[in-house]
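Here is a walk through one structure, piece by piece. Have the sequence and the 3D view open while you read.

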Amino acid sequence: MLDRTYLRENTDEVRDALENRGADVDLDEFLELDERWRELKARGDDLRHERNQITKKIGKLVADGKEEEREEAIKRSRELKAEIEEVEEEGVELEDELRERILEIPQVPDESVPLGLDERHNVEDRRWGFDDLRELPDEITPHYDLGEDLDIIDEERAAKTTGSGFYFLKGEGAQLEHALIQFMMDIHREQGYVDVFPPVPVKSTSMRGTGQLPKFADDAYRLGGSNEEEYDDEDLWLCPTAEVPVTNMYANEILLDDDLPLKHQAYTPNFRREAGEHGTETRGIVRVHQFNKVELVNFVEPEDSYDRLEELLGEAEEVLKRLGLPYRILELCTGDLTFASAKTYDIEVWAPGDDMDDGPEQGGRWLEVSSASNFEDFQARRAGLRYRPERHESADYLHTLNASGLAIPRVMVAILEYYQNEDGTVTIPEPLQPYMGGKEVIEGHEKVGESALGAGERE
RNA sequence: GCCAGGAUGGCCGAACGGUAAGGCGCACGCCUGGAAAGCGUGUUCCCUUUGGGAUUCUGGGUUCAAAUCCCAGUCCUGGCGCCA
């Protein structure tokens, strides 16, 4: 959320920012409402002032026993009460309207963010790991086929128990999932992160604090009600990213100067509806309704946030470096920034299994595994996250940042495809082996049930 | 889920229906050779800032006037119940 005074005083800058984002917000109408509200506010304040004077006088008149003057004053006070009600009623309406509307105005991008309409204008900063690639099979089996062959990913049965867009991991697949989580969290612990294991359902107020609501209700899973219905502050949603519970855990608090920078990591399941996304690009476990992710959330002093963003990016990258997975870093352009972000870097891992048009020369495709964003005080203002700067009287909004560290399924896709061997097994990256009980290669499992028999996959 | 008690500033904590004490912390100033102590001022938000308004968990109600009385809700604490 932007500051209202800021909107009044920097109208042109905000207008440009909205334009660059391609945001559909009527700023002029907002400012007109604001102007009207300020008029009413001034009138109401004057009337209340008069009434307060009279009320105070009544107290004295009662004490002095001046019956007649008292009656007169009470009469005037009643009149004022009616007037005030009239003026303030409209004032409150406008105030509510303004409060709602300002929630839909997106963050102003940092000046360093490249201009552009959409993902085509994102800027590639650098690549890592392509100079020294491992030897790959001639034909790389995409993870969804391989996962089925090895019987470590089972989408069909998950469709039966839950629905499409969900999957079972089995045996070595499930083991790999747990291993990745522990591996990542160990790395981030080294980097100074304090673990948090948050509650998975979150209230509407939390979703609003980080910017998922009100605009993106359709992307989330709501508990106990349809997404089309009105929701209120206490209604619950399934965590779409640990950013939501973790950022909001200090909502309406004032942190101590000494607490900052505060770095939390949280492993949670994430739930996303992402309605209507089907096709070759989303086959397998690249885009699913439930996935696990280790999230990094930072709370910092405003002057440190851009330095921290660079460091945060490095902390997330470290996971891919240690796994030896090639990747690239993108700087998102203004049109591709998410609602609350002032600046974002994407980390995209290389998954060589499926050739896509926008993939690298070596074939395969890019998979986004993390977005490192600086939200400046946008979320802090919505969620009421403050700190007290040294030598300063009043509390100030702090800055929040976050990055995935990382999204597990897509890393798993990269491992299954990049570490695939000619014989259809998968080599486990060395640093991960201790987390897999010393196992070095994923060899798969014998399939279960008559369906396997019928398909000739069992005798 | 039931019963009882509670929610006041950054923190602690007072307040017969008459317009929010006091303390702590912090900032600034005075005092001092310097510091401590002491003294003074400030320390929520909003507006058109020598001024004014709002604000005692939230929302309603009674009243000329509500932290205070009434109703509803949220959360916390304790007890009981249920329970992996």
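## Ground rules

A polar contact is a pair of N or O atoms within 3.5 Å; within protein, one must be able to donate a hydrogen and the other to accept it, and residues adjacent in sequence count only if both atoms are side-chain atoms. Keep that one handy.

This is a predicted model, where local features need pLDDT of at least 70, side-chain atom pairs count only at pLDDT 80 or more, and totals for chains, interfaces and linings use all residues. Residues are numbered from 1 along each chain as its sequence is written, chains are lettered from A and ligands numbered from 1 in the order in which they are written, and side-chain values use heavy atoms, with hydrogens and water left out.

## The annotated binding site

An unreviewed UniProt entry carries a "binding site" annotation covering Thr241, Ala242, Glu243, Arg272, Glu295, Asn402 and Ser404. UniProt positions are given in the numbering used here, feature names are shortened, and annotations may be inferred rather than shown by experiment.

Let's start with Asn402, which sits in strand E15 (residues 399-407). Helices (H or I, at least four residues) and strands (E, at least two) are DSSP runs, numbered from the N terminus. Is Asn402 buried or exposed? Asn402 is buried, because its relative accessible area is 4%; buried means under 20%, exposed over 50%, and partly exposed in between (1.4 Å probe, protein chains only). Leaving aside neighbours within four places in sequence, Asn402 is in contact with residues including Glu243, Glu295, Leu312 and Phe375, where contact means heavy atoms within 4.5 Å. The side chains of Asn402 and Glu243 also make a polar contact (3.3 Å).

Ser404 is in strand E15 too, and it counts as buried because its relative accessibility is 10%.

## Meeting the RNA

Now over to RNA strand B. There are 20 residues around RNA strand B, and Arg8, Thr55, Ser77, Arg78 and Arg388 come nearest; a residue is near a strand if one of its heavy atoms lies within 4 Å of it. Sugar and phosphate make up 80% of the RNA strand B atoms that come within 4 Å of the protein.

Which kinds of residue form the surface near RNA strand B? Five are nonpolar, four polar and eleven charged. Here Ala, Val, Leu, Ile, Met, Phe, Trp, Tyr, Cys and Pro count as nonpolar, Asp, Glu, Lys and Arg as charged, and the others, Gly among them, as polar.

Zooming in, a polar side-chain atom of Ser77 lies 2.6 Å from a sugar or linking oxygen of RNA strand B. Helix H3 (27-64) and helix H4 (67-102) are the elements that give two or more residues to the surface near RNA strand B. H3 has the largest share, with eleven residues.

In soluble globular proteins, nonpolar side chains tend to be buried together. The largest nonpolar core here has 60 residues, and Leu180, Leu323 and Val411 are among those with the most contacts inside it. A nonpolar core is a set of buried Ala, Val, Leu, Ile, Met, Phe, Trp, Tyr and Cys residues joined through side-chain atoms within 4.5 Å.

A second, separate core of 30 residues includes Leu31, Leu40, Leu80 and Ile105.
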